[in-house]
Each structure stands twice: as structure tokens, then as C-alpha cells.
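Take a first look at the model below. Keep the sequence at hand as you read.

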Amino acid sequence: MQRKKVITIENREITITELNVAQIEEVPDEKSEVSTLDLLFPEHLPASVISKSTGISVNKLQEDYYPSELKEIIDSVESLNPFFFNMMKRLAALGQEAIKNRTLSQPAAG
């Protein structure tokens, strides 16, 4: 059963839903641009995931909410999607390790 949570921000109710595996699998295939939300919250789930879980477009999230409010929304999305959030952290760590190894293996310029 899909978990849901309703939060209220400035008299606006936001329903946050847990994503299923098929929805999670779609995320890497989506060709989305890096948004200001992604830059403001780099250690968190991507804006496209926040949008998918809340049903609010990335543009609306950026236009209608302040960073402190977005943080509350993002935290709620991550709390309902802990497996996805942990997977994203592991993928980011693997990517950072691959970049580090590639950099270390390249000869110094000179």
C-alpha cells in the first residue's frame, strides 16, 4: 500500500506520496535540466523527484515556495521515500569515487 502524508505550508495542503519502483526507475531516464532547486539542495533528492512525489511542477515549487518551505517539503518527500533517498546517496558516492579514481589514474600534465 502506498504511503501518503499531508503537510500544510501557509494554509496550503500538500499531499506527498511514496513512489513505487516503476516510478523510481523512470527518474534516471527523464531528461530534466538542473533546476535552481537542485542547486539550493544538492544533497537531497532531485527536484524532478520532489515534483513527482507531490504532484507540483518544478516551476510551481520554485515560484510558490520559499527555501525554508521547500526544505520542509523535501524532508517530507525523503522521509516517505527512504529507500530511494538512500539509493541516490549510494549512486552519488559511487560517482564521486569513480571520478576520484579516474583523476588519480591520469598522468600529471606537464
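This is a predicted model: local features need pLDDT of at least 70, side-chain atom pairs count only at pLDDT 80 or more; totals for chains, interfaces and linings use all residues.

Residues are numbered from 1 along each chain as its sequence is written, and side-chain values use heavy atoms, with hydrogens and water left out.

Start inside. The largest nonpolar core has 23 residues. Such a core is a set of buried Ala, Val, Leu, Ile, Met, Phe, Trp, Tyr and Cys residues joined through side-chain atoms within 4.5 Å. Buried means under 20% relative accessible area, exposed means over 50%, and partly exposed lies in between (1.4 Å probe, protein chains only). I14, L45, I50, L61, Y65, I73 and F84 have the most contacts inside this core. Strand 1 (4–9), strand 2 (12–17), helix 3 (47–54), helix 5 (67–80) and helix 6 (82–105) each supply at least two of its residues. The largest share, five residues, comes from helix 5. Helices (H or I, at least four residues) and strands (E, at least two) are DSSP runs, numbered from the N terminus.

Now pick out I50. Leaving aside residues up to four places away in sequence, I50 touches L45, L61, I73, I74 and V77. Contact here means heavy atoms within 4.5 Å.

Turn to helix 5. This helix has 14 residues and reaches 20 Å from its first C-alpha to its last. That is close to the 20 Å expected at 1.5 Å a residue; the expected span is 1.5 Å times one less than the number of residues. Its buried residues are E69, L70, I73, I74, S76, V77, E78 and L80. They pack against strand 1, strand 2, helix 2 (36–40), helix 3, helix 4 (58–64) and helix 6.

E69 sits in helix 5 and is buried, yet has no salt bridge. A salt bridge needs a side-chain nitrogen of Lys or Arg within 4 Å of a carboxyl oxygen of Asp or Glu. For E69, the nearest side chain of opposite charge is R12, 4.0 Å away. Lys and Arg count as positive, Asp and Glu as negative; His and the chain ends are not counted. The side chain of E69 does reach the backbone nitrogen of Y66, at 2.8 Å. Beyond residues up to four places away in sequence, E69 touches I9, E10, R12 and D64.

How many salt bridges does a search of the whole structure find? It finds four. One of them joins R3 to E18, with the closest N and O atoms 3.7 Å apart. R3 lies in the segment before strand 1 and E18 in the loop between strand 2 and helix 1 (21–26), so the pair ties together parts that are 15 residues apart in sequence. R3 is partly exposed, at 38% relative accessibility.

Other bridges lie within helices. D64 and K60 meet at 3.2 Å, N to O. Both belong to helix 4, four residues apart, about one turn of the helix. D64 is partly exposed at 28%, and K60 is partly exposed at 40%. In helix 5, K71 and D75 are also four residues apart, about one turn. Their side chains meet in a salt bridge at 2.7 Å, N to O. K71 is partly exposed at 31%, as is D75 at 33%.

End at T36, in helix 2. T36 is partly exposed, at 47% relative accessibility. Its C-alpha atom is separated by 9.7 Å from that of N59, 23 residues apart along the chain.

Conventions. A polar contact is a pair of N or O atoms within 3.5 Å; within protein, one must be able to donate a hydrogen and the other to accept it, and residues adjacent in sequence count only if both atoms are side-chain atoms.
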